[in-house]
Amino acid sequence: MKKGVLLVNLGSPDSPEPKDVKKYLGEFLMDGRVIDLPYTARALLVRGIILKTRPKASAAAYKKIWWEEGSPLIVLSERLQSKIQKQVEVPVALAMRYGSMTILKGLQELVDQGVDEVLLFPLYPQFAMATTETILVKAEELRKMHFPELKIESVPAFYNKTDYIEVLSNSISSHLEGKPYEHLLFSYHGVPERHIRKSDVTKSHCKIDGSCCATPSKAHEFCYRHQCLEVTRLVAEKLQLKEGSYSTSFQSRLGFDPWLQPYTDRTIERLGKEGIKNMAIVTPAFVSDCLETLEEIAMEGEEIFHEMGGEAFTTIPCLNDDDAFVNLLSNWIQDWSKN
Ligand SMILES: C=CC1=C(C)c2cc3[nH]c(cc4nc(cc5[nH]c(cc1n2)c(C)c5CCC(=O)O)C(CCC(=O)O)=C4C)c(C)c3C=C
Ligand SMILES: [Fe+2]
Ligand SMILES: [Fe+2]
């Protein structure tokens, strides 16, 4: 059998113009694993409300971070793919769950090279219904419809792998070298609390009460909150961070449902109000820098901090195409391809 790899990230609009942003958000938010309402209610909310107002505001935000080569998330994912391809023998393709670089095109690219066994690699350290699960489901749908003979295996969430924690910790410490900080905030993309309960295979463990995620359970294989808290705990242990000098928060909430807390914007506000002058922020739910890190954190987050009296605000870049991260993913791919 000939093996190949499909890296999959979230995706971006084709351009930062409102019409492209609207098309992209329409596809993204109509995914029942992102907005998990019954179809009619989802369509009413997305098409009747969100898409009437949000594309203009989102387009303005995208314009602030857009690069000459395109969307940072796509460009950085392409750089990652091309560096990995130089290190491994099997073909490596790249796709996005939403937008023009579809999973169908990615699978086709591999099949055209004679691949009949694919390693599907969602570029997310933590499992979430709105990220990993929707990629797995989409790929399986496409396999059944277009490539029934293709074998697809997937890479599970890698949030607690020792070598990943080491690469992430080293990246954090190297970006903070010579930058004294009083507080390091680990900010993860949020999800509605309901998503955590839906992904709980035990149907009883996740109470989102602060302690369930620290109590061993088989629910944790699919518990986004547990996996985020574990990344913070493991990095803090590795870097020997002092209790109280770091914390976890969740960003990018949308709508009026309760999302995972504490919220990042309110946490930054609180830290500023409490007299913290130097803070750093790292965003380990994202492998590639994107709208949510470059605009919401590095621009808006910094502004909130300064308004509250804060002085130095250091945003640590995502792992992007860092050599250590490229080596890590290449090693995992090599191990799989040799088996
Ligand atoms: C109901 C909405 C959303 C859920 C649930 C959600 C989960 C989720 N998203 C990411 C990663 C990214 N999200 C990005 C942008 C983005 N996310 C939502 C909504 C939900 N995300 C929206 C509406 C947007 C678009 C921007 C905006 O209008 O604010 C991005 C950036 C994409 C880019 O082009 O740069 C990423 C990456 C994760 C990891 C996650 C759950 C864990
Ligand atoms: Fe998102
Ligand atoms: Fe949990």
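1. In its unreviewed entry, UniProt places the feature "binding site" at H189 and E292; such positions are given in the numbering used here, with feature names shortened, and the annotations may be inferred rather than shown by experiment. Although the two positions are spread over 104 residues of sequence, they cluster in space, the largest C-alpha distance being 8.1 Å.

2. On conventions, this is a predicted model, in which local features need pLDDT of at least 70 and side-chain atom pairs count only at pLDDT 80 or more, while totals for chains, interfaces and linings use all residues. Residues are numbered from 1 along each chain as its sequence is written, and chains are lettered from A and ligands numbered from 1 in the order in which they are written.

3. H189 belongs to strand 5 (residues 183–189), and E292 to helix 10 (residues 291–294); helices (H or I, at least four residues) and strands (E, at least two) are DSSP runs, numbered from the N terminus. H189 counts as buried because it has 27 C-beta neighbours inside 10 Å, and E292 is likewise buried, with 21; the classes are buried at 20 or more other C-beta atoms within 10 Å, exposed at 12 or fewer, and partly exposed in between, with C-beta atoms placed from the backbone.

4. Leaving aside neighbours within four places in sequence, H189 is in contact (C-beta atoms, placed from the backbone, within 7 Å) with Q251, S252, A285, F286 and E292.

5. With 19 other C-beta atoms within 10 Å, S252 is partly exposed. A cis peptide bond, with omega about 0°, joins Q261 and P262, and P262 is placed in the loop between strand 6 (246–251) and helix 9 (264–273).

Methods
Two residues are in contact if their C-beta atoms, placed from the backbone, lie within 7 Å.
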